[in-house]
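Visitor: I am new to this and would like to learn how to read salt bridges. Could you walk me through some examples?

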Amino acid sequence: MGITKLFRAAMIALRVNLMRSALTMLGIIIGVAAVIIMVAIGAGAQQQVDAQIEGLGGNIFILSGSSRRMGGVTTGAGSVQSLQQEHADYLQTQLPDIEAAAPMLSNSAQVIYGNLNWSTTVEGMDNHYLTARNWVIANGRELSPQESNAGGKVAIIGATISKELFGESDPLGQTIRVNNFNVNVIGTLKSKGQDSRGRDQDDVILMPIKTVRTRLAGVSNSNPTRVQSIYLKIYDGADMQALETDIADLMRTRMKVAPTAEDPFMLRNLSEMVATRAETTRIFNSLLAAVASVSLVVGGIGIMNIMLVSVTERTREIGLRMAVGATPSHILLQFLVEAVVLCGLGGAIGMLLALVVVVVLDQFVGTPAVMQPTIALISIGFSALIGVFFGYYPALKASKLQPIDALRYE
Amino acid sequence: MSQPNVIETRQIRKAYSMGDNVIWALKGVDVSIKAGEFVAVMGTSGSGKSTFMNMIGCLDTPSDGKILLNGEDVSHLDAAALAHIRNRYIGFVFQQFNLLPRTSALDNVALPLLYSEVPEREWQPRAKASLEQVGLGERLHNQPSQLSGGQQQRVAIARALVNNPLLILADEPTGALDTRTSFEIMALFQQLNDAGKTIVLVTHEPEIAAVAKRKLMFRDGELVEDYLNGHH
């Protein structure tokens, strides 16, 4: 008996008990759909984390002013503006593993163009900052050395600013008003999307650090070259842990900190934070997949249950088939193929269901989900395997029946 | 003596164990059935007639003795080999018809071919020819639930004919039918026998057995009478 005949016979038997077949399949459909959807959601989260790592652009340290304690109240990191412009240059020359050391000073500002206005963050920086933060100029150009040194009234704007103030028109060469002074837009940034905390990274304006310091943050005579933080981009393959110690030691020496005193700065390994997040995501994904797999196994047990009922209910049919010439292996194969067809079909329907749910989640609900073809194929294959595994015992039971007993069964 | 007997049993015995007791359902039976015979097997319940029928139908093997089917010893074959023998040489008709529900008459009749060497393109024509032979040429696509009891039994007989068997075994074929339909079915058997089919029929009704040419009477696991109708 050929395999096509077997499949046809199985399809006929399943169609004869359509309702029961459909209900049995439901278990597998839900199981397979659950596995694929959970893995897709996991993959979506993973992709988001990967994009964040990509957005970081490699290994990054952030050096910022330390927090300040006042009467038991600890203010946020960077509230003591202890870092200076020259610290960036100093670290750059001392440590060859640093690809770019970029000082940054930020301030909030209201920007106006025509009758539109927008509240945003202005980040004062130099061209190293573009490298360190992995910013790419979409249109226009970087700062010229002259603009950097003299504090030129120019701006490179993020994608959100461009959209909010200029819509579809070209912002390059336009003049926008930032608080109380005009700046010329010389470039736009390629969109980076949200960061790991869900903040819109494109809602930003970059200007020469000197411009921000003098015109937005306000210069204080006691601290004329202050910066808020220094981004340190490290070459791939460098020993991040050793560097962390080196940077801290160099900074303590440079800032003449007494050996017993606390660091007057904070050094954070940004890549490590994201890596931790990636690891959390990975564990979360495995957990989701594991839970979903349980439902697939439960579906398989449902198959076994129904196949056992089916064997009992069809005892006379089995007897008849044996009487007219079915061998025990024919009967075994018939029931096995029925179970596999149930599971395989259920798997295929489950995959289609998952596809729909994944698209809806991704496009309409906003939960990122990525359908992975390999997982889809594995799920269908696995559900067919469940068919064989849970279908084998009932099929074997059927094939062991004696024709005379089976025929006489009431 | 060029053609072997369709069935030849030599001192077949069959034991069933019920707990510690061993019950001999057949205690040494010798029967030969030639091609073209129409035999009624009779006896009360427990007489051994059903066991005898299972033996010659290759549904079961004897504990002792020999069964030759068309000259071939089938007494010690395994389950798969017996299935092949049944598929090639024997057509069964049962009291309860045993048709597959929600399956057309045509597909029911074609069922034995599923397990045979017959190429698939011949299944439909052969099943159709069988159904026409039993007078159901107009009912090919009806399901059992749409047929009367007599028609269902005709479908079952068509199924028994479809593999062109050496022997048709009918176990109480009229047991579930009314008297009029019973005689229609018996007329069909008679017609098939006239066309050369060898038929063995198990029944406990003398009127039904009277249609056969030869009667075998079983009692307590032994063959007690074997005579030709009309030569009593």
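Guide: Gladly! Keep in mind that this is a predicted model. Side chains of opposite charge can pair when their charged atoms come close. Here, A:Glu338 and A:Arg314 form such a salt bridge, with their closest N and O atoms 2.9 Å apart.

Visitor: Which parts of chain A does the pair of A:Glu338 and A:Arg314 tie together?

Guide: A:Glu338 sits in helix H11 (residues 328–365), while A:Arg314 belongs to the loop between helix H9 (270–313) and helix H10 (315–323), so the bridge links parts that are 24 residues apart in sequence.

Visitor: Are A:Glu338 and A:Arg314 buried or exposed?

Guide: Both A:Glu338 and A:Arg314 are buried.

Visitor: What about a pair within one helix?

Guide: Look at chain B, where B:Arg180 forms a salt bridge with B:Glu184, the closest N and O atoms being 3.3 Å apart. These two are four residues apart in helix H6 (residues 179–194) of chain B, which means that about one helical turn separates them. B:Arg180 is exposed, at a relative accessible area of 67%, and B:Glu184 is partly exposed, at 32%.

Visitor: Which residues do salt bridges with shared partners join into one network?

Guide: That network consists of A:Arg314, A:Glu317, A:Arg321 and A:Glu338.

Notes:
Residues numbered from 1 in each chain as written. Chains lettered and ligands numbered in written order. Predicted model: local features only at pLDDT ≥ 70, side-chain atom pairs only at ≥ 80, totals over all residues. Heavy atoms only, no water. Salt bridge = Lys/Arg side-chain N within 4 Å of Asp/Glu carboxyl O. Buried < 20%, exposed > 50% of the residue type's maximum accessible area, 1.4 Å probe, protein only.
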